[in-house]
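Trainee: Can we go through this one together? I'd like to start with how the elements are named.
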Amino acid sequence: MQTWRWKFSLGAAAALAASIALMAAVKADDLASVVAERQAGMKAMGGKLKEIKAFAESGAGQAEASADAAVLVATAKSIPGWFPVGSGLDSFSGKTAAKPEIWNDQAKFKAIAATFQADTVALQQAIAAGDKAGASSAFEAMGREGCGACHGAFRAKT
Amino acid sequence: MPRRVSRQDLIAPMFWYPASALLLAAALALGGRAVAQEVTADAVARGAYLFTAADCASCHTDTKNAGAPLGGGRALKTAFGTFFTPNISPDRQHGIGTWSDGQFIKAFRKGVSPDGRDYYPAFPYTSFTGMTDRDLLDLKAYLFSQPPVPTANKPHDLNFPYSIRWALMPWKILYFREGPFMGDPSRPMEWNRGAYLVKAIGHCGECHSPRNSLGAIEKTRRLAGVWNGPDGQSAPNITQHPDALGKWSTGDIEGLLKDGITPDGDFVGSGMADVVANTAKLDDADRHAIAVFLKALPAKDPTPKPAAAAR
């Protein structure tokens with residue numbers, strides 16, 4: 001009886017340990033794919049920004065810029081979700097430049113994310129109205145308060 | 001004066017330099033008092049602009065720990081140890097409030113403190129030595145117009161042998177070339193202004209160049225990028241190499257300095273975001289001059305990545 005119980009608990013513990021290890025492995029895998037996903041997402045966003053900037057400068061390509069702005073507004077909402085705990089440079093050294101400050105100063109991170117979201121909406125509205133000057137200043141504000149502020153505080157890369 | 005630049009801002013100080021040097025010498029001879037320059041509202045305003053162009057606040061304000069402006073105390077982690085930036089507010093006890101004009105100029109031109117100690121080149125006098133006397137005194141006028149901050153300076157925490165300060169004497173003989181920026185009369189005015197902004201005031205090379213084991217910039221790789229710069233961060237090659245700024249237009253460079261955006265639609269981060277917060281406030285003409293100067297640089301291969309640098 002005693003032996004059986006001992007063996008059972010040992011087996012249970014082993015199973016538990018194995019499942020924890022498996023979960024951890026899956027989690028690490030998930031995190032790695034999150035890192036890859038957010039890098040692809042950022043890059044894609046950069047491409048949109050280029051086209052929007054072209055509109056803000058020349059006033060041409062309004063339809064294209066409108067489509068881009070819609071993507072931008074949607075993407076801005078998903079950005080906070082791209083940074084789960086454990087996806088920073090201390091876990092993925094050399095693969096990401098996401099500083100630990102993102103998780104140490106969540107209040108600031110979220111505040112910048114919220115500003116960025118509002119700025120993308122303002123930009124979208126200016127583009128929809130065909131307002132080149134408005135788009136230009138909205139773009140500049142978004143770059144400074146959103147993109148630039150976040151990269152300045154939370155990205156360990158120039 | 002064999003060489004001369006056509007721009008008024010550059011010329012005037014060059015004419016005045018010998019004169020003010022004489023004055024300074026005379027003043028020093030008369031009991032250590034320095035050149036007197038009348039402080040005007042214009043001088044303060046020009047100094048504020050230079051303060052921005054030189055990005056002084058990035059290092060001399062401990063933003064991270066909510067330190068008072070100009071109070072210093074920001075930890076600057078380098079391969080040689082941690083420097084704690086000094087208080088540059090006009091506080092008479094902890095800051096530079098007792099400095100004379102001559103002492104201020106000497107600090108920037110020669111890298112020597114009022115009490116005669118050599119500065120570590122973490123204070124980039126290696127670049128600031130090129131600033132004109134007038135610009136330096138305008139900068140001083142601005143700093144002295146700011147509120148004093150009663151924050152005591154922290155001693156640096158440097159690794160051996162960098163902690164031996166007297167070693168800076170031979171270091172300077174080896175690596176430091178003193179003197180105001182002289183310009184190149186065969187180049188356009190814009191190029192000259194850009195060179196002054198990049199090499200002297202903006203001290204771009206201090207972060208964008210690799211250093212040897214003695215902390216001196218590797219001349220052949222100046223502006224070719226660094227992997228383990230201040231705060232352990234990398235800074236890219238900004239010469240005309242095709243993978244650096246070779247394919248950028250002057251407009252692209254101006255856009256980066258104004259909005260922080262690269263031609264790829266990326267936004268600069270880290271230390272460069274602080275720099276852009278300041279370059280965004282410069283005149284369009286100055287951003288253009290910087291771009292013109294950078295576009296005229298020869299291409300250099302990027303600094304190779306050292307094996308030890310993880311990122």
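Mentor: Helices here are DSSP runs of H or I with at least four residues, numbered from the N terminus. Keep in mind that this is a predicted model.

Trainee: Fine. Where is B:Phe293 found?
Mentor: B:Phe293 belongs to helix 12 of chain B, residues 284–295.

Trainee: Is B:Phe293 buried or exposed, and why?
Mentor: Buried, because B:Phe293 has 23 C-beta neighbours inside 10 Å, and the cut-off for buried is 20 or more.

Trainee: What is B:Phe293 in contact with, leaving aside neighbours within four places in sequence?
Mentor: B:Trp191, B:Gly194, B:Ala195 and B:Val198.

Trainee: New topic. How is chain B divided?
Mentor: Into domain 1, covering 7–175, and domain 2, covering 204–310. Their contact takes 14 residues from each domain.

Trainee: Which elements give two or more residues to the domain 1 side?
Mentor: Helix 2 (41–53), strand 1 (75–78) and helix 7 (168–175) of chain B. Strand 1 gives the most, with 3 residues. By type, that side of domain 1 has 8 nonpolar, 4 polar and 2 charged residues.

Trainee: And between the chains, how many residues does the contact take?
Mentor: 17 residues from chain A and 21 residues from chain B. On the chain A side, helix 1 (2–58) and helix 5 (132–154) each supply at least two. The largest share, 6 residues, is from helix 5 of chain A.

Trainee: What do the chain A residues there divide into?
Mentor: 3 nonpolar, 9 polar and 5 charged.

Key:
Residues are numbered from 1 along each chain as its sequence is written. Chains are lettered from A and ligands numbered from 1 in the order in which they are written. This is a predicted model: local features need pLDDT of at least 70, side-chain atom pairs count only at pLDDT 80 or more; totals for chains, interfaces and linings use all residues. Two residues are in contact if their C-beta atoms, placed from the backbone, lie within 7 Å. Ala, Val, Leu, Ile, Met, Phe, Trp, Tyr, Cys and Pro count as nonpolar, Asp, Glu, Lys and Arg as charged, and the others, Gly among them, as polar. A residue is buried if 20 or more other C-beta atoms lie within 10 Å of its own, exposed if 12 or fewer, and partly exposed in between; C-beta atoms are placed from the backbone. Domain bounds come from an automatic or database domain assignment.
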